[in-house]
Structure formats: structure tokens, C-alpha cells
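Have a look at the model first, then read on.

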Amino acid sequence: CIRDRFNIDKNGLVKNIQFESKSKVSYFRNTIRNAMQKWRFLPAKENGRAVESKMSKIFSFSLLT
């Protein structure tokens, strides 16, 4: 598993992707980063205005033989 933390900006774009340093499957990081940069979210709102927010996601992988 790989855990990462990232921000969603006021426009719903993913920014500041940071991976847990103890992850042993670092070879998936570039693939995850490239995919996440294409994601779009509805931004969080505070008092009716879009604001930046923080998120966390766990990615799990399995290799079938």
C-alpha cells in the first residue's frame, strides 16, 4: 500500500502530492502522481466561497500470477 497526502485547490485541482516516506513500493509513485494530476474535484466551500482543502488516499496494489 502507498499512502499519500495532497491538497485540492480552489479550482478543484490536485496540488502538493506527498507520499509517506516509509512506503516500500516507491516504483509506483510516478504512476500515481501522473494519474492524480488529472483528477478534478469540487472544491471545498467555506461561507459559500471555494477554499483549498487537504486530503489523504491509500493506494493498494496486487500482482496476479
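Start with the side chains of Asn7 and Glu52, which are joined by a polar contact of 2.9 Å. (A polar contact is a pair of N or O atoms within 3.5 Å; within protein, one must be able to donate a hydrogen and the other to accept it, and residues adjacent in sequence count only if both atoms are side-chain atoms.) Before going further, a word on what you're looking at: this is a predicted model, where local features need pLDDT of at least 70 and side-chain atom pairs count only at pLDDT 80 or more, while totals for chains, interfaces and linings use all residues. Residues are numbered from 1 along each chain as its sequence is written, and side-chain values use heavy atoms, with hydrogens and water left out.

Back to Asn7, which sits in strand β1; strands here are DSSP runs of E with at least two residues, helices are runs of H or I with at least four, and both are numbered from the N terminus. Asn7 counts as buried because its relative accessibility is 11%, given that buried means under 20% relative accessible area, exposed over 50%, and partly exposed in between (1.4 Å probe, protein chains only). Setting aside neighbours within four places in sequence, the contacts of Asn7 (heavy atoms within 4.5 Å) include Leu13, Val14, Asn16 and Ser53.

Asn16 belongs to strand β2, residues 14-19, and has a positive phi of about 55° although it is not a glycine. Asn16 is exposed, at 52% relative accessibility. Asn47 also has a positive phi of about 55° without being a glycine. You'll find Asn47 in the loop between β3 and β4, exposed with a relative accessible area of 77%.

Now for the inside. Which residues make up the largest nonpolar core? Nine of them do: Ile2, Phe6, Ile8, Val14, Ile17, Phe19, Ile32, Met36 and Phe59. (A nonpolar core is a set of buried Ala, Val, Leu, Ile, Met, Phe, Trp, Tyr and Cys residues joined through side-chain atoms within 4.5 Å.) At least two residues of this core come from each of β1, β2 and α1. In soluble globular proteins, nonpolar side chains tend to be buried together.

Next, the rings. There are four aromatic pairs in the structure, a pair being rings of Phe, Tyr or Trp (its six-membered ring) with centres within 6.5 Å; planes under 30 degrees apart count as stacked, over 60 as edge-to-face and the rest as tilted. Phe6 and Phe41 have ring centres 6.2 Å apart and planes at 35°, so this pair is tilted. Phe6 is in strand β1 and Phe41 in the loop between α1 and β3, so the pair ties together parts 35 residues apart in sequence. Phe6 is buried at 3%, whereas Phe41 is partly exposed at 28%. Phe41 also pairs with Trp39, edge-to-face, at 6.2 Å centre to centre and 70° between the planes. Trp39 is partly exposed at 27% relative accessibility.

Phe6, Trp39, Phe41 and Phe59 form one aromatic cluster. Over the ring of Phe59 sits the charged end of Lys57, 5.5 Å from the ring centre; the criterion is NZ of Lys or CZ of Arg within 6 Å of the ring centre and within 35 degrees of the ring normal.
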